[in-house]
Amino acid sequence: MDFTELYKQSHSLCKFSPNGLYLATAVQFRVVIRDSETLQILHLFTCTDHVQQVAWAPDSDLVLCASFKLGLIQVFSLRDEGWTAKIDEGVAGCTAVEWTPDARHLLSFSDFQLRITVWSLTTKDAYYIQYPKFSDRGYSFRKDGKYFALAERKDCKDYISIYDCEDWVLLKRFAVETTDLEDIAWSPDGRFIAAWESLLEYKVLIYYPDGRLVSTYSAYDSGLGIKSVTWSPSSQFLAIGSYDQKVRFLNYYTWKPLIDFSHPQNVPYPDIAIFKETNLRDVKDSTGLASWSQAAAARSRVRYEVLRPPVTVPIRRPDPDKPNPKLGVGLCEFNCNGRFVVTRNDNMPTALWIWDLVELRQVALILQANPVRFVRWNPVKPDRLAFCSGNGYIYVWGGEKGGCECVEVPAVNFQVHNFSWNPDGKSIVLMDKDKFCLAFPIEEATEPSRASGEYQEEGEDIHNRHDEN
């Protein structure tokens, strides 16, 4: 990988524009717009107070910054720097802001879930939606951007309301057969809306947008229920991760499980590629090369080792005295074409499980030295997965043929706590607590040999990329 120099940021607010051309970063009360390749500063916007949220409009022309302490939202234009918009929510307050798909309206969520305000940036009109159940979830836009589904709570009952995104007229409101609705998700093809119960009950309901109930699914009656729900990109599968440490895939014909994958502590399957992170602190450099950076000299070196089953996965027992136990499948994410799925069982925080839905089998198990903090598929290349563990490395799984690699960030005291792919899939922004840099994966002409289980160490294929600006 090539790396840029380090730059300042606040609150891990580094956002690529949807077209992949720009990178917006927040630095205290300023929003800096940079070129996504050279990191040259293109625009500099000053906000009223410290920025707590940055979000791009879907057309990549407008960018908003929000200060929730003051209830202020400011919008800036890249095309016309003289145009700005300022929204003051006043006593109602503001806890979250969301762009609508047309890039000309904003959804502002007030304190205590009192209401949602829809602000029009073209007509300056405001529309109010009462009784939202949540401010951080419980709403979903249809993929074409024409309709908006919202979970509401009124008179101790759960409802789903459908709004027209052009004039924000209520089209349909229907009661949901739940005791305590946790979240909703519109399928990518726009045909179905999935709703599910809180963790106290395992229950998933599939509705048509007009309110007709399509199907109800429950895997078991006793015990904690659902922890994560994700649609596949094709809408053919609904993945449900639960507290029984399984992920079930419902097919859209019968709404019954096509297959379920478990996360056992002892992995006996012989056809699974198992990669284990190994620390080489005390191993001398067999290549005879000098340390390639000051950071590498002071930090331990890491590589992956290929293991043969059976393998025992490290497990952490959840504390029964604390709420929200670290147990069950809390991460379930499809790649861009829907073939591969990565999952993480939260009481096995150092392990990532990768599954193939075409062949209905597990293809890889990745065992880290530290708990996995963040995982994201490349938005363009279906066989590339990046993840981090809160240390000085960025990790990449390159498919069944590519295996795993760990790349050290050539900077002193830089810990990768979060990252984000560019929508074009060609770069990653890596974030520490108050700094960031870009990483550019290099496509190798030939793959190193994996037969002996020895992987090329990170220091041998990294070049330090210095920004000229």
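1. Which residues does serine 232 touch, not counting residues up to four places away in sequence? They are Pro188, Phe237 and Phe334, where contact means heavy atoms within 4.5 Å.

2. A word on the basis. This is a predicted model; local features need pLDDT of at least 70, side-chain atom pairs count only at pLDDT 80 or more, and totals for chains, interfaces and linings use all residues. Residues are numbered from 1 along each chain as its sequence is written, and side-chain values use heavy atoms, with hydrogens and water left out.

3. Serine 232 sits in the loop between strand 23 (226–231) and strand 24 (237–242). Strands are DSSP runs of E, at least two residues, numbered from the N terminus. Serine 232 is buried, at 1% relative accessibility; buried means under 20% relative accessible area (1.4 Å probe, protein chains only). A polar atom of its side chain lies 3.3 Å from the backbone nitrogen of glutamine 236.

4. The structure holds 25 aromatic pairs. Rings of Phe, Tyr and Trp (its six-membered ring) pair if their centres lie within 6.5 Å; planes under 30 degrees apart count as stacked, over 60 as edge-to-face and the rest as tilted. One of the pairs is phenylalanine 45 with phenylalanine 76, stacked at 4.6 Å centre to centre and 10° between the planes. Phenylalanine 45 is in strand 6 and phenylalanine 76 in strand 9, so the pair ties together parts 31 residues apart in sequence. Phenylalanine 45 is buried at 6%; phenylalanine 76 is buried at 7%.

5. Phenylalanine 148 and tryptophan 168 pair edge-to-face: 5.8 Å centre to centre, 70° between the planes. Ring pairs link both into a cluster with Phe109, Tyr139 and Phe141.

Definitions and conventions. Helices (H or I, at least four residues) and strands (E, at least two) are DSSP runs, numbered from the N terminus. Buried means under 20% relative accessible area, exposed over 50%, partly exposed in between (1.4 Å probe, protein chains only). A polar contact is a pair of N or O atoms within 3.5 Å; within protein, one must be able to donate a hydrogen and the other to accept it, and residues adjacent in sequence count only if both atoms are side-chain atoms.
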